[in-house]
Amino acid sequence: MLESLTAELSQQLKDYEDQALLEMIRPNLATQFVQDAPELAKFREAIAQNDSMDDKEFLRIFREFIPTTNYEAYRPFIAKFFTTPCKEAEVKNMFAPGLPYFFAMSSMTSGKSVKTFPRYRPPPHLLQNPLYLALPLSEGTTLSPASMRYSQLLKIDCEDGQSKQVTVCSLSIGFLRMAMNWDAEHDNERLDLWLPGQTDPYAISLVKSYRAFFILNALFALADRRVTIIRFFFANVFVIFLQYVEDEWSLLIDCIEKGIIPDVENLDHLRAPLEKLFKPNPLRAAELREIGPPGIQGWAVRVWPHLEKFIGITGGPAATAVSKLTHVLGPSIPTQATGYGSSEGSMALPYHKSDPNTDYKVMFVDVFTEFLDVRSNEPSERVLSIYELVLGGYYEPVLTTRNGLWRYRIGDVVSVKGFAPDDGLPVISYLHRREGGLVMAFGTTCTESQLTNAIVSAANRWIGQIIDFTIVGDDRDTPITYGYLVEIGGEIGKDARMATQQTFEDLMAANDEFRTAFWQGRARKPTIRLLEKGTFAEYRQQKCNKTNVSISQVKVPVVLSDPTFREWLLQQVVVEL
């Protein structure tokens, strides 16, 4: 990787940027948002006063007059889609030409309301780009549990007297539905289908119960020895999947032997199609019995001898799963992230010449990305182009998208690891949310990555395998401090109480402000409380029920702000370290 850009690469990036930006924004100029949003008034004025409007001038006006925006600018325009009745004339060309194909729901980690973002069908040539591929390409089959559940169906009354239904769902499910042309209206007509190249039939993707969803996915996956790719959105969800395999091992093997669908809750009309697709396989059952449940190193390769890789996020909060993941996969199976993006847009793909778990190469396919310097002391934050980034810098991405977002701030912080030698594009690594930490009484905040690294390191040494964790403000004593709530799998380490001291020492070493506050008596040691087994599976189930977001996509926040869930989690505490 390059540490800085040559003059030639810098010029190449400027040209690439200009071309990509024009391609994103020109089609959206006549949209309702651009014509009516108060935030874009100065931009509209500058456009109106300019007659020639060649590309160069158009880009200059964009860079000078488009401010950074947040969700509040878009909220009143998005709300129009959710009114009843919703007339096509009122929402057509709202953010991009035509009508959205679906609305992507943000993964809710805070207690705030769900954000939804319209997603329009991209140009056909882009649908095969890895950023849009809902299913990874594989020679064999892929274990990638997909929930087709949606939050709601929006009905748009069209001018021709027909109506169009628009699904509100997670981004990955929206992409899958778009790629396969699967509308929600006809879900029940697809119950006899297999998802192409997948271990799971379509019917499993409609299962509502969290437990049943995982047990049935485990059943069909264990029965199929052709698996070459395992793909979970978050690696810690795969660890929960393994926990179900372990807990229900005997039942799963008996069902594979006899060709039976287990008696799990809330299957209703989905049972019959699943029974039709599941056949007895005594030979496979005998093979699995000999291998035994997850526990031994390299278990996954013994169960699926053709396994090639694991795809899933292993950074951020999912870092808790890494030790269990590498143990189960064994040394021969590489892991890589899915990519870097959000409901707002997909920004970057894993960079395989570095660490594909943490390092991503920025791409201008779905979005055009600019940056704000997080460490800058300038009173007004200047928007930076990719050729202005420097090695080791900390930046917040700002997105202009095909789907009609204009210089939208996503609130993440990334660092620049270097530049790709072939085209100069920056390679970035996600650090944490910009406003994600708990601001304590001492007025400072440790970042999400500092808080995560501290507990992962302490758990590996003293506590045991973490299933999941979150942090609340522990105000049982003064001053308030970081209260870790942790669920572990397996036995607790005999010197687990040492973990609190190590976590404290790691935070002291990582954060100067925390260290200063502690020595001045304005901060105290963090606390660690262990939760009942299954707590976070129940948390995810409740979150699914509350919001109808895809089962496999529910995130446990590093810092929990929802007071209802905080109260409930504190009731699940079994021991304090």
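The model is a predicted one, in which local features need pLDDT of at least 70 and side-chain atom pairs count only at pLDDT 80 or more, whereas totals for chains, interfaces and linings use all residues. Residues are numbered from 1 along each chain as its sequence is written, and side-chain values use heavy atoms, with hydrogens and water left out.

1. Helices (H or I, at least four residues) and strands (E, at least two) are DSSP runs, numbered from the N terminus, and contact means heavy atoms within 4.5 Å.

2. On the sheet: five strands form an open sheet in the order 1-5-6-2-3, with mixed pairing, where two strands pair if DSSP finds at least two bridges between them. Strand 1 (86-87) and strand 3 (116-119) stand at the edges, each with a single partner strand, so one side of each is left without a neighbour in the sheet.

3. On strand 2: this strand (residues 102-105) pairs with strand 3 in the antiparallel sense over four bridges, with F102 opposite R119, and pairs with strand 6 in the parallel sense over three bridges, with A104 opposite C169. In a regular strand the side chains alternate between the two faces of the sheet. Both faces of strand 2 are covered, since F102 and A104 on one side and F103 and M105 on the other are all buried; buried means under 20% relative accessible area, exposed over 50%, and partly exposed in between, with a 1.4 Å probe and protein chains only.

4. On the cysteines: a disulfide, taken as a pair of cysteine sulfur atoms within 2.5 Å, is not found anywhere in a search of the whole structure. The sulfur of C158 is 9.2 Å from the closest cysteine sulfur, in C86, which is too far for a bond. C158 counts as buried at 18% relative accessibility, and C169 counts as buried at 0%.

5. On the nonpolar cores: a nonpolar core is a set of buried Ala, Val, Leu, Ile, Met, Phe, Trp, Tyr and Cys residues joined through side-chain atoms within 4.5 Å. The largest has 81 residues, of which L222, I230, F232, F241, W299 and W304 touch the most other members, and helix 8 (residues 210-223) gives the most to this core, with 11 residues. Apart from it lies another core of 62 residues, among them L21, F43, Y395 and L425. Leaving out residues up to four places away in sequence, L222 touches V245, W249, L252, I256, R284, L288, W299, V303 and W304.

6. On S429: this residue lies in strand 18 (residues 426-433) and counts as buried at 9% relative accessibility. A polar atom of the S429 side chain lies 3.2 Å from the backbone oxygen of T358. Beyond residues up to four places away in sequence, S429 touches T358, D359, V413, V414, S415 and K417.

7. On P67: this residue sits in the loop between helix 4 (55-65) and helix 5 (71-79) and, at 31% relative accessibility, counts as partly exposed. Leaving aside neighbours within four places in sequence, P67 is in contact with E39, W406 and R407. The C-alpha atoms of P67 and L9, which are 58 residues apart along the chain, are separated by 28 Å.

Methods:
Polar contact = N/O pair within 3.5 Å; in protein donor to acceptor, adjacent residues only side chain to side chain.
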